[in-house]
Amino acid sequence: MRRPVALRLSAALATTALAAAAGVVVAMPSASAAVTGSATGYASQNGGTTGGAGGQTVRATTGTAIHQALCGRASASTPIVIQVEGTINHGNTAKVSGDSCNTADGVIELKQISNVSIVGVGSGAVFDQLGIHIRQSSNIIIQNVTVKNVKKSGSPTSNGGDAIGMESDVRNVWVDHTTLEASGGESEGYDGLFDMKDNTQYVTLSYSTLRNSGRGGLIGSSETELSNGFVTYHHNLYENIDSRAPLLRGGIAHMYNNYYLKLNESGINSRAGARAKVDNNYFKDSKDVLGTFYTDAAGYWQVAGNIFDNVTWSAPGTDTKPAGPNVQSTTTVSIPYSFSLDAANCVPSVVGQTAGANKGLKVSDGSCTPQNPSPTPTTPTPDPTTPTPDPTTPTPDPTQPSGTNLSIGAGADGSSKASGTSFGNVRDGNLSTFWSPAGSTGSVSVKWSSATTVARINIREASGSAGSIGSWRVLNGDTGAVLKSGTGAGAIAVPSTSLSKITFEITGSTGTPKVAEFETYAS
């Protein structure tokens, strides 16, 4: 029978107390003008994640001051770096109004904004029982902060019980050197430490500590909510977590050089067609650290270089498909960015020295020795939600494609859909039906059960909406790589690519865009 996480917590706290009594010294980072280092993993893709680089730097010691900084900008996309020091809690966090923000009481609300960095400085920043909520936002960096004891039930409550939660068309978030912790599981009022849902993509969690919680985090809120993905987890410590380290529903995630200690029920739970690349991690004193659990909707994994130290495995069943004890790959995952792997046997040491807030912001370069991070670039990259077309490659291509439309009979999904429209309308061969996003931007995808070569697409707008589609990108839905960007609907040539999913993402429009057909061709 499982021991409640609250009971296991008492032992963990006793260990911490002994360490303090022994005189363990923790180095504090000095205040800096901006974020330290550069985004890694999937947060480095899709235009990159630079947060508030190049913008004004302000200091905040209350949650209200953080909201005031956001609301005092010239616009919702004006870059800003907010240095935070001290304890942020319900007593000092109030809603602030303004044209460049959309805040709320009792939570740090990053809603409908972009180009923001929140950085803990000085003696440290602690968000006590107060969550950070990111919604309909892009290009966000959170670094060197602690978020603890955020509850969804009991008192006080914040952010649905998530330490950091992201939802609704979120792009490009880098969370680095943070400490995310609870003091129990769902029965004690807590939920996830790091949750993503409703079309959240291009996220990296690095050098962070997640501990003492029933739920580490999830990607996707249900087996049918599959619009999330392209998430990297590296050099993190998961300690005394019951499950969801993470729970991955659909999409792609990359886990490397993480230290998983005392995963009590399950760990990386790949479900509903998800694909996890799991490299050089160290799993210790844990159970069912990888597999598909609590569902018959299978997910997949590619494994290499991992160490399983005192790991136990359940017997397979209808809704239990553990990867072990003989852990083998069940898929392949292509990663579009470069990364350096530490050997798995040194991961506990490296992560122990680097993961969490107030640890000096040190990183690893694959040598098993923590390093000072590289200087941060000061020139911001363009907002990833509004890419600039390549002036040397005008689009759309005026040549209409010929041959078989591969979209007919294929599957379809997307980020959101307006009332009365359907993703499936873009591949039914009927110009009188269409898909529209819930807002002025969004994405729709065509997908196949096996790899299909696509070299050209044709976006046909519905009658009466010609010219509504502004800027767009075509993405490899398997890897997240950008195949082409431009403006206006029509025929578009892309590099000939073998893939199982291709995405057309509208990043700017006039009025309401309506895609009648998303045609795909091999040549």
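Start by selecting Asn-149, Val-150, Gly-161, Ala-163, Glu-181, Ala-182, Tyr-190, Asp-191, Gly-192, Leu-193 and Ser-213, which line the largest cavity of this predicted model. On a 1 Å grid over the protein atoms alone, a cavity is a set of points where a 1.4 Å probe fits but cannot get out, and a lining residue has an atom within 4 Å of a point. The space inside the largest cavity comes to about 40 Å³, where a volume is the space filled by probe spheres set on the points, with grid points joined across faces, edges and corners. One cavity of 30 Å³ or more is counted by this rule. Rolling a probe the size of a water molecule over the atoms shows where empty space is left. Colour the lining by class and you will find five nonpolar, four polar and two charged residues; here Ala, Val, Leu, Ile, Met, Phe, Trp, Tyr, Cys and Pro count as nonpolar, Asp, Glu, Lys and Arg as charged, and the others, Gly among them, as polar.

Before moving on, note how the model is handled. Residues are numbered from 1 along each chain as its sequence is written, and side-chain values use heavy atoms, with hydrogens and water left out. Because this is a predicted model, local features need pLDDT of at least 70 and side-chain atom pairs count only at pLDDT 80 or more, while totals for chains, interfaces and linings use all residues.

Asp-191 counts as buried because its relative accessibility is 13%, where buried means under 20% relative accessible area, exposed over 50% and partly exposed in between, with a 1.4 Å probe and protein chains only. Leaving aside neighbours within four places in sequence, Asp-191 is in contact (heavy atoms within 4.5 Å) with Lys-152, Gly-160, Gly-161, Asp-162, Ser-213 and Arg-215.

Next, look for the cysteines. The whole structure holds two disulfides, a disulfide being a pair of cysteine sulfur atoms within 2.5 Å. Select Cys-71 and Cys-101, whose sulfur atoms are 1.9 Å apart. This pair links distant parts of the chain, 30 residues apart, with Cys-71 in helix 2 (residues 63-71) and Cys-101 in the loop between strand 2 (80-88) and strand 3 (108-111). The torsion about their S-S bond is about 100°, so the disulfide of Cys-71 and Cys-101 is right-handed. Then go to Cys-346 and Cys-368, joined with an S to S distance of 2.0 Å. Cys-346 lies in the loop between strand 26 (320-322) and helix 3 (347-354), and Cys-368 in the loop between strand 27 (363-364) and strand 28 (370-371), so the pair ties together parts 22 residues apart in sequence. With a torsion of about -70°, the disulfide of Cys-346 and Cys-368 is left-handed. Cys-346 is buried at 13%, whereas Cys-368 is partly exposed at 27% relative accessibility.

Now open the second largest pocket, with a volume of about 510 Å³. A pocket is an open set of points with protein on both sides within 12 Å along at least five of seven lines. Of its 28 lining residues, select Leu-226, Gly-251, Asp-413, Gly-477 and Lys-501, the closest to its centre. By class, the lining of the second largest pocket has six nonpolar, 15 polar and seven charged residues.

Finish with the backbone. Last, select Asn-139 in strand 6 (residues 138-143), which has a positive phi of about 55° although it is not a glycine, and which is buried at 1% relative accessible area.

Definitions and conventions
Helix = DSSP H or I, 4+ residues; strand = E, 2+ residues; numbered from the N terminus.
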